Every structure is written in structure tokens, then in C-alpha cells.
Amino acid sequence: MNPGRRLSLIVATTLFIETMDSTAIATSLPVIAEDLGTEPIALKLALTAYLLALAVFIPVSGWVADRFGAKRTFMLAIGVFLLGSLACAASASLEQLVAARFLQGMGGALMVPVGRLVLLRTVPKNELVQALSWLTIPALVAPILGPPIGGFIATYSDWRWIFLINIPMGLVGMVLAWRFVPDLREPVKPLDWTGFALSGLGLALALFGFSTLGRHLVSTPVAVATLVVGVAAMVAYVWHARRHPHPLIDLGLLRLPTFRAGVVGGMLFRIGIGATPFLLPLMLQLGFGLTPLQSGLLTFVSAVGAIFMKTMAAAVLRRFGFRRVLWVNALLASAMLAGFGLFRADTAHWVIMAVLLVSGCFRSLQFTSLNAISYAEVDQARMGQASSLSGMLQQFSLALGVAIGGYALQVAGSFTGQDYADPANFGWAFLTVGVISALSAWMMYRLPHDAGAEMAGRAEVGKELSEQKAEQRSAT
């Protein structure tokens with residue numbers, strides 16, 4: 001097997017268990033909430049805690065891999081993730097589940113990012129889109145299996161088994177990593193501990209404060225104070241990064257047009273998409289009265305569409321180019337997302353499945369394009385920093401999407417005078433996150449016409465455009 005493809009599949013093993021876990025738990029939120037004696041909407045904290053841990057610890061993943069070696073770090077990360085899975089299965093309260101999910105996230109923060117970093121450092125740029133597709137195709141099997149398996153377990157057994165099914169695949173991943181992952185290292189610069197404290201504390205406190213404003217876990221005054229302190233810490237980090245010779249997170253990367261569009265524009269898109277795994281199962285189960293299994297047997301088709309599109313992404317980008325694909329597809333995917341709110345309890349299940357299938361295609365194309373274009377102008381020396389910053393903001397935006405989706409549901413309920421689980425409120429919630437997602441199209445539209453031409457296999461087109469621009473400048 002091609003070494004790049006084999007490495008992609010090994011990293012995909014870890015992405016598989018991570019995604020399986022997330023999709024299975026999202027399908028089972030109402031059952032878990034009932035067993036733990038809390039509201040289903042409060043379990044957004046179990047989702048955001050994991051994503052928050054990723055956002056906090058991803059920035060140091062590159063440094064840890066360079067300091068201790070990629071192979072050792074990768075294997076240790078899988079072990080921490082599996083330990084967190086066991087802790088989730090043993091949880092008896094919302095607080096315990098949130099803490100266990102955070103531990104899982106600490107492992108996940110090193111697991112997939114370090115594996116992706118090895119790919120970025122070993123695969124040539126002209127093969128990167130294909131390598132990233134091989135990375136995500138096996139992992140996309142998890143969203144196909146996750147909702148039905150999670151729904152089946154929650155309906156007919158104990159939801160704790162959702163976390164225990166991670167263990168066998170995780171152990172397989174550790175064995176494959178020991179045999180085939182290269183122990184890459186780069187020269188290690190001193191870690192910016194002040195930057196790590198400010199960024200980690202800022203992200204953690206800001207997101208925790210925002211997520212708990214709905215009076216879950218802490219009182220509203222405490223949540224507001226936490227949010228303010230978190231935002232202040234993030235502002236302090238920006239000030240610190242401009243003065244530090246080797247900041248933990250190199251904000252200077254945002255000066256690169258393609259990286260800025262892929263990361264900042266991608267943030268807006270992911271805020272909308274991040275709310276979907278939280279809102280959709282709640283709507284199907286609490287709003288429409290479906291069982292977790294019935295819900296899972298509907299939502300898994302989105303992943304089928306994603307897999308189908310992954311096999312075509314490279315050809316689509318080669319035909320139309322990154323810029324056109326990114327801004328047009330952002331609008332289409334966002335419109336489909338907002339359209340989820342038009343579902344009703346009597347909507348035919350085949351209609352719901354068809355919409356989710358097509359939506360999965362659009363979403364998958366956007367994610368593949370964003371993940372690739374972000375690195376089009378990044379040199380090898382800064383690839384680790386770029387991967388860390390991109391990964392951190394991806395997870396932060398997904399967590400923010402869950403929180404915003406939850407609040408949109410509550411606010412809609414307060415305006416309609418209905419319980420938040422009323423189907424009409426989900427319509428407003430999906431419209432809200434769909435609009436946020438659509439805002440990303442503006443940043444994609446502003447990209448140069450030849451953005452990412454080499455990565456898309458359109459080098460000739462990029463050369464032609466460059467020559468035309470040169471001719472125009474000389475003529476003026």
C-alpha cells in the first residue's frame with residue numbers, strides 16, 4: 001500500500017472512534033438526560049466540554065509531538081482518550097459526565113492533530129487533497145454507524161455502552177501507530193507558557209461562561225463573570241502574541257489570504273454546522289416523538305452523502321477552483337441547514353432522509369475545500385503552527401455552534417410562549433445558525449481567482465491569471 005495512503009488510514013482510525021463517539025452521544029442526549037436527572041438541553045455542556053478541551057490543548061499538540069516524538073505522542077493520546085471513555089461510562093451525574101468528556105478531549109486534542117501533522121509533513125502538496133480525502137473517508141463511516149448504534153443502545157440497553165465501544169478500535173489504532181507512524185521531530189523552541197495560560201484560560205472560561213448562561217451548573221452572575229474574564233484573557237493573549245518572539249499561536253498566519261479565509265471564514269461556517277448534531281436529534285425525539293433508534297436511522301444518511309462527495313471533491317475543485325466552490329457551496333449548504341427547520345412531525349421520512357443526504361454532500365465538499373485551502377500558502381516551517389491554530393478555531397467554532405443552537409432554541413421558546421422542545425422553535429433555531437453559516441460566503445468570495453490553483457490541480461489556470469494580471473499592470 002502507498003505509505004501516504006496507509007498513514008492516512010491509520011490516522012483515520014483515531015478520527016473514526018472520535019466521530020463515532022460524538023455522533024452516538026448526540027443521538028442519545030434525551031435518554032442520557034433522563035437517566036442523569038437533568039434537562040436534555042443542559043447536555044450541550046457534555047458536547048461543548050469535549051470540544052473545549054480540544055480547543056485548549058490543540059495549540060500545544062505540535063510542540064508536544066516535536067518534543068517527545070510523533071509516535072509516542074500519538075499513542076499516548078489514544079490512551080488518554082480511551083481512559084476518558086471509561087470515565088464517561090462510569091458517570092452518574094451531569095458534572096461527572098462533563099469532567100469525563102473534558103478528559104476525553106485532552107486525548108483527542110493530541111490524537112487527530114498530531115496524526116494530521118505527520119501527514120502534512122510527509123505528503124507532497126500536490127497529493128494533499130487526495131491524502132486528506134483518504135483520511136476522512138474511513139472516518140465518515142463512523143457517522144453512518146454512530147447514530148443507529150447509539151440509538152439502538154439508548155433504546156434497548158444502557159447508554160454507557162456507547163463509550164465502551166471505543167475501546168477495541170482504539171487499541172487497534174495504538175498497535176498500528178506503533179508499527180507504522182514515523183517518529184518525526186522538529187527542532188523544539190521554548191514553549192510559550194504564558195501564551196498557553198492566557199489562550200487556554202481565555203477559551204475555557206469564555207466558552208464555559210457562554211454555555212452556562214442558561215443557568216446550567218452555575219448561576220447567571222457567575223456565568224457572566226466567567227465569560228468576561230475569559231474574553232479579557234483572550235484579548236491579553238493577542239497583546240502578548242504581538243510581543244513574544246515565538247508565540248504559542250502565530251496570529252501572523254492570518255495575514256495569508258487563503259489561510260484567513262479557510263480559518264476565519266471556516267469558523268462562521270462551522271458555527272452553523274456545529275449546532276446540527278445537537279439540534280437535529282432533539283427535534284426528532286423531543287419535537288416529533290421518535291425513539292433514539294428511529295432518529296439515528298434517519299440522520300445517518302447525511303454521512304452517506306458526505307462519503308459520496310469525498311470521492312468527487314478533488315475533481316470538483318479541479319473543474320471549478322477553490323474560490324467558486326467555497327462561496328457558492330457555502331450558500332447552498334447553509335440554505336439546506338436552515339431548511340431543516342421546515343421539517344414537521346408528519347413530514348415523510350424519505351423526504352427528511354433525502355434532504356439530509358444532499359445536505360451531507362454540500363457540507364462534505366465545504367469541509368474538504370476549507371481544510372485544503374487553509375494550507376495553500378503555508379510553508380513547511382510554519383505548518384505545525386498553522387495546523388494548531390486551524391484546529392483550535394475549528395473546535396472552538398463547533399462548540400460555539402452547540403451553545404448558540406441551544407440559546408436560539410431557548411430564545412425562540414420565550415418568544416413563542418411554547419416549551420423549547422416545540423417543533424416551531426426548532427425552525428427559528430435552524431434559521432439562526434443557517435444565517436451565521438451563510439455569512440462565511442463573503443470571505444470566500446473575496447479570495448483571489450487563482451487561490452489554491454496548485455492544490456486543485458489547476459496550475460495552468462493560475463499561471464494564466466497571473467500572466468493576465470501582469471499584463472494589466474504593465475498596461476497601466
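Phe 57, Trp 63, Phe 102, Trp 193 and Phe 196 are linked into a cluster by ring pairs. Rings of Phe, Tyr and Trp (for Trp, the six-membered ring) pair if their centres lie within 6.5 Å, and planes under 30 degrees apart count as stacked, over 60 as edge-to-face and the rest as tilted. Keep in mind that this is a predicted model, where local features need pLDDT of at least 70 and side-chain atom pairs count only at pLDDT 80 or more, while totals for chains, interfaces and linings use all residues. Residues are numbered from 1 along each chain as its sequence is written, and side-chain values use heavy atoms, with hydrogens and water left out.

Searching the whole structure turns up 13 aromatic pairs. Take Phe 57 and Phe 196: their ring centres are 6.1 Å apart and their planes are at 55 degrees, so the pair is tilted. Phe 57 belongs to helix 3 (residues 44-57) and Phe 196 to helix 11 (residues 193-211), so the pair ties together parts that are 139 residues apart in sequence. Helices here are DSSP runs (H or I, at least four residues), numbered from the N terminus. Phe 196 has 18% relative accessibility and counts as buried; that word means under 20% relative accessible area, with exposed over 50% and partly exposed in between (1.4 Å probe, protein chains only).

Helix 11 also holds Phe 210, whose partner Tyr 407 sits in helix 20, so this pair ties together parts that are 197 residues apart in sequence. The two rings are edge-to-face, 5.0 Å centre to centre with 70 degrees between the planes. Tyr 407 is buried at 14%, whereas Phe 210, at 22%, counts as partly exposed.

Helix 13 (257-274), helix 19 (349-373) and helix 20 each supply at least two of the lining residues, and helix 13 gives the largest share, five residues.
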